[in-house]
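Subject: Structure for you to look at

Hello,

Here is the structure I promised to pass on. Please have a look, then read my notes below.

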Amino acid sequence: MQNQGRRVLICDPTLRDGNHAVRHQLTCEQITKYAVAANAAGVPVIEVGHGNGLGASSLQVGLSKTDDKSALEAARKALTTTKLGIHIIPGFATIKKDLRLALDVGVDVFRIATHCTEADITERHISHIRGHGREVYGVLMMSHMASEAVLVEEASKMQAYGAEGVVIMDSAGAYLPSDVTVRIGALVNTLGIPVGFHGHNNLGMAIANSIAAVNAGAVIIDGTARGFGAGAGNTQLEALVAVFDKLKIQTGIDLYKVLDAGDVAEKYLIETLPTISSVSIVSGLSGVFSGYVKPVNRIASEYKLDPRDIFFELGRRKVVAGQEDMIIEVATDLSKRG
Amino acid sequence: MSKVNMIHGAFVEGDLNRVVMPIDLSQLNNSCVLITGASGFMGIWLTELFNYLIKMQKLNLKLVLLARDFTFAKREAQHLYEQNKNINIICDDIRSIHELPEDVEWIIHAAASPDLRVHNSQPIFASQTITQGTLTLLECAARLPKLKGLLNISSGYVYGYHTTKELITEKSFDGFDPSIFSVAYMEAKRYAESLCTLFRNQFRLPIINVRPFSFVGPYQSVDAPWAVNNFINDMVNNQSIRIQGDGTAVRSYMYGADMAWWLLNMLLRGESGRSYNLGNPKAITLKELAEKIMHLSGNEIEINHSRALLKSKPSIFVPSVDLAQAEMGLRMQFDIDEALSRTIQWYKQALV
């Protein structure tokens, strides 16, 4: 078999990206329950925290029910073999306030994320973590907004800063497999470090895109239980592991136990199972971050507008995660236009 | 002066005792040497060497040290700068200078950051410092009445990326694509060498290019983004040593004291118009390097490959130094084991 012996590292952000789907309201009890299940399944890395990462709890992008320290400590206690990871966006998270906390709590894997054209701002965070001898990866969000050449340049910067791998995120679920093949292929051909892919399912392509990523040379793939995550959800972890099993791609994850972990997530974490709603599809088509779905729906209702119109206008303005303030501006402009 | 700095001074003096050989230094006596980029690893080691020669060989020598910021240098080598009447410090950007002290006879032009992080975060600044900085310096040098020698510190990266096992000689040029953002440093260094060629031709300036490879030793920042620094940093902090990729990348390391001595020889004894490689020709894989550091630590330190999910692309960066050895009879006094051992000792002292 072509894939015999191939291995990928699965990273599971259920307890981080999933927080988007419940307005960042996950509790320590829920975190513990899922962390125990993921650990039992042999998931290599789980990410924990606010949907936008460490230090992001705010009025602008949503207040967390559980503070970062409590969330990380709850997960830390529950994990024996699975590594504890966090997602960090410099700006939300500072070295002194947040990274130090994460280092003290014993976080194993740090994923330093930025908009896909702004890798420069990750230098200090990546270097700081490297200096402490922990695993650190670069993450390029909203990667559909940049050409493969720009992604290569930005990822090269992260490599130069000391990142041990670079993951591109399809934050808006906008990719088709051919888009993934081109971008991952360019990164794999250029970088000397592992390349990863984080999918969203707005256009129903998350699993297919993840397979395309692996076929193009990616060795880190993200997936969440039941696809629990922003917008239409992420690549569904249980399905991903099953598909990789079928393709003879090794993940080191126990299939039955990861199916059990999915059940745990559905029972204890998820309020509404992710579906590809009309608005999510529009989010994917317009290339707007999946995490905008809930606030767009809320503001559309308030302004008596069609949320799809808001999405297409946001897409035209090329908004990125963290610019949620723009939703009201767009809604106001659309209202004036009648 | 702090106790640590006194120890640093004695430590480096011990290293220089080993590398300094009996050569004719009379041309240096009663002269003035300018070092640009004097606050970096290379600049501090050169200052240490000249200071050593002033002290031990009773040379009458004036040093002019130029750099933008001496904070790191003064913290790490306070013994060098405190009340040293032989040293004149100029805090300025190499791109901004208009005139050099007219008694300057020797120049070692080392102003540029070799830090990959700077090349990537501030590529225009990094490139300008090299190209515009070199042009500015050469224009000033052309007006010096007594200039005897100018050593342009280029880079081993001017050869491009090497993937074959052969040592890189002074003729091993490969092309690289200038439209790729990350080659800007190499392009800038190549252009700086071209500028030197033009000034040597048009103004008959006595210029020698040196192409440094990889180094290790005191005065390197422990958080510098190179494998050897990362490994030593991991080791002195009692953390597992982390290797990116599968550890097959090949490097070589020359100790700081050897580097400084070789540079002085190239300045005084090299042939104008020549380019010399500078580094250790003895190759070592990153895996072997990590194992050496682990053994030298004397502790049970784990070595982790960065998940080894990826077979590393061939990466070889090792110079041939046959030319310098043949012309000047240079020999390295510190092999890799001693170089690492001394460096670790230094960092441990600094931590204490």
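Leu9(A) stands opposite Ile220(A) in S8(A). Strand S1 (residues 9–13) and strand S8 (residues 220–222) of chain A pair in the parallel sense, over three bridges. Strands count as paired if DSSP finds at least two bridges between them. Helices (H or I, at least four residues) and strands (E, at least two) are DSSP runs, numbered from the N terminus.

The model is predicted: local features need pLDDT of at least 70, side-chain atom pairs count only at pLDDT 80 or more, and totals for chains, interfaces and linings use all residues. Residues are numbered from 1 along each chain as its sequence is written, while chains are lettered from A and ligands numbered from 1 in the order in which they are written.

Now the whole sheet. Eight strands of chain A close into a barrel, in the order S1-S2-S3-S4-S5-S6-S7-S8, with parallel pairing.

Next, strand S6 (residues 166–169) of chain A. Both its faces are covered. Val166(A) and Ile168(A) lie on one side, Val167(A) and Met169(A) on the other, and all are buried (20 or more other C-beta atoms within 10 Å of a residue's own, C-beta atoms being placed from the backbone). In a regular strand, side chains alternate between the two faces of the sheet.

Strand S5 (residues 135–141) of chain A pairs with S6(A) over three parallel bridges. There, Gly138(A) faces Val166(A). S6(A) also pairs with strand S7 (residues 195–198) of chain A, in the parallel sense over four bridges. Phe197(A) in S7(A) is the bridge partner of Ile168(A).

Best wishes

Technical notes: Buried ≥ 20, exposed ≤ 12 C-beta atoms within 10 Å, placed from the backbone.
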